[in-house]
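Please consult the sequence and the structure shown here before reading the briefing.

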Amino acid sequence: MQPTPPSVPQRRLARQARQRFVEGICAGLPDLDKTVQDFLTTLMTQTGTAREMQSRRDAWMLYQQHHAAWTERTGKAWREALAPHISTTRGALATGGAGAQFELLSDDVVENKILASRMALTVSEQVSPQFDTLRQRTQSLEGQELDSTDILRPEAVCLFLVEQWVEAGLPRTDLQTVVDPLQRELANLLQKQYQAVNVFYVEQGVTPQADLKSRVRRTAGGAVTGSGAGSESGAGGLASQALAQTREAMAAARGGMPPQGGGRPTYPNPPRVPPPGYPQHGMPTAFATGMTPLARARQRAHGVMGQLRRLLTQPATGFDMVNAPPASAALAHALTAHRVHADTYYSGVATLMEDYSPAAVVQLAGVVRERSTELKKKASTAGEKAIIEVVALMFQSILAEDRIPPAVRVWFARLQVPVLRVALAEPEFFSNLNHPARQLIDRMGACVMGFDATSINGSALEAEIRRVVQVIEQYPETGRRVFQLVYDEFEKFLAKFLTEKQATSRLVSVAQQVEQKETLAIQYTIELRTMLRDMPVRDEIREFLFKTWAEVLAMSAVRDGPQHADTISLKRTAADLVWAASAKPNRSDRAQVIQNLPSLLQRLRQGLVLMGVTGAPQDAQIKVLTDTLADAFLSKTASIPQAHIDAMAKRLANLEDFIGDAVLGDMPLNADNIEMMLGIDASSIHVIADNGAPVDEAMVVWAQELQPGTWYTLDHNGASAQVQYAWQSQRKQLHLFAAVDGSSYLIQLRRLAAYLQAGLLVAQDEEGLTLRATRDALAKLDANPERLLD
């Protein structure tokens, strides 16, 4: 029987919903604009290379010129999308038809689609639950699936936004710069508007999401049919239906469809799971191939979280990913009892784990399984049972991780029930990779995987993990607050723990001084160039001041302080050298030069000694300067006015008042200088300086985001070493890795990025504990879906 076509009032109601949605997102455009404005302003004040600083200023200025046009055009495009049929030259959202299928898309159109797809991937991850509800209610009114170009879809909203950015005269590269804060604000805006439209639908009596889902099921061929007269009845029928829905949800999560007869689902080869709201044929090839390893890893992570969300929101569980109901009375009581008696539950296992035996690990996993079974018996809803089972499977995977020392695994096991509490209260735990509970477990796991059982037992790291777990267990409030609190505390602990060894601490101190010295040298050079711009100074003197004396001033400022008497004297030497090297037509000036020359040369030698320049190299530098002074002594050209020299001397004395934030470019790193500044044998320190190797800027960003404490495998000069990321300098130009054999690797930023790009530095745990545990849990449920609600 043919489905009944939607009535005019139904279509009118869907039209009103779209109008409300579009007006809502258009009203949020000023907030999007402000987000971009604030980000570019903040970015402009941050340090970077001279090219980066200039690029940021250019992006900020260009946005000031064109932001009004962008927001106006975007709002207009969104409103025009309400029209059922719009004639447009846009290839990205062209509707079907023979002509459109063979249209040759321009590079700009393809690039817009790629960037919009990336934005929509992140946005959809946050808004998917509300959008799915909205989509189903709209479909119930219109009797058909939303078109792929429908303005209600996040990917359509994103594509209009990207296109109008380019059309307004703004570079696409600038949009890529601001995409992270922009897509976060856009996700918040869409989430708010989806919720508002859903409220409107409820007020109009449109079928709720749960009712609609219970009325439809998919056949083996993927068709949607009614579940009325022909459905099974009774308790057995309901159980079979729930199991079928669970299998179906697993198939949908994995990208396949359940076969006829209730057998195992089949999957495409290879399985691909497009993000929520995307066409089922997958993402554009350019999207998949144009990403960095970090971006691909994040995409895979979002795919896993999307699978989990779809599983938990299936009709059989009825779990609300937006507004979780409070735990049922019996389950809430059991969770409270566990919090009060946590030490009792695990005391015997903790003692057993001290022998590090495989049997102890097996017993620990058994205790965790028993705890989840008991809690599952207390649950009164299918949603609660599903959550308990998923969390239990996740912790089974974590406890099976052989790289976690056994003595530490007991503390991870004790986090199962606190995590269950937060998962029941905050469904976001199942969709947000950055939930503090996930972040904490991932960080602790990443930090312990490089230690063996004997080296970590009784260590400060084990004691801190124990303290963190006990705080979480005893915290009465259920929610993210306690996890965020201890996560921040754990990060502070790591910053101290990783550098507290005497050798590491000293190296960190010296490395920080090296960065500070190089930063000051660049700043002093820039300021000296500004001072001498309009002065008739000989090239030999300019080169000496810019290339050598700026380094001397920086070294003195770092070692003794910028206002130390020696540093002030060296600053004055620069002004005296400029004056002495200028023409001396007056007899009195020549007499003063002769009188002051011995003192000037002594201070010049003093500065060169500070840089380690002695002996013949020092004599050669001094000879170049004295020859230049002699030539100036006989010159008949105009001299530099004394007022200019005095102004320069005053400016040099207070140089730090004039320089701004560091513009740190390609900072040279010299292994000999490191050893000289340490004053000890630095044979165990491997200094890996920048060598000009080509590297993608995205890899540089990745290198700056590495988290201290994480373990890596480093391939350097053909030798493989297990290293822990211990420290990064204040300006993220220097990075320190400590190896288990006591050696250290001090790596410069762009060289570090090159190692990441070439696969010479690989994280030992690329996914993170909780993501891998989620993947393992889904695999077990795929093989045994009955256990989800059993």
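This is a predicted model: local features need pLDDT of at least 70, side-chain atom pairs count only at pLDDT 80 or more; totals for chains, interfaces and linings use all residues.

Residues are numbered from 1 along each chain as its sequence is written, and side-chain values use heavy atoms, with hydrogens and water left out.

**Confidence**
- The chain has a mean pLDDT (the predictor's confidence in each residue, from 0 to 100) of 76, and 73% of its residues reach 70 or more.
- Confidence is highest in helix H6 (residues 154-167), at a mean of 93, and lowest in helix H10 (residues 285-289), at 36; helices are DSSP runs (H or I, at least four residues), numbered from the N terminus.
- Over residues 85-103 pLDDT stays under 50, and the model has 19 contacts (heavy atoms within 4.5 Å) beyond four places in sequence for them.
- Residues 255-289 also stay under 50 in pLDDT, with 66 such contacts.

**Gln 130**
- Helix H5 (residues 107-142) contains Gln 130.
- Gln 130 counts as buried because its relative accessibility is 11%, buried being under 20% relative accessible area with a 1.4 Å probe and protein chains only.

**Helices H15 and H31**
- Helix H15 (residues 382-399) packs against helix H31 (residues 769-783) at an angle of about 120°, their axes lying 8 Å apart; axes are lines fitted to C-alpha atoms over the stretch in contact, and angles run from 0 to 180 degrees between N-to-C directions.
- Residues making this contact include Leu 393 and Met 394 of H15 and Ala 773 and Ala 777 of H31.

Terms used. Helices (H or I, at least four residues) and strands (E, at least two) are DSSP runs, numbered from the N terminus. Buried means under 20% relative accessible area, exposed over 50%, partly exposed in between (1.4 Å probe, protein chains only).
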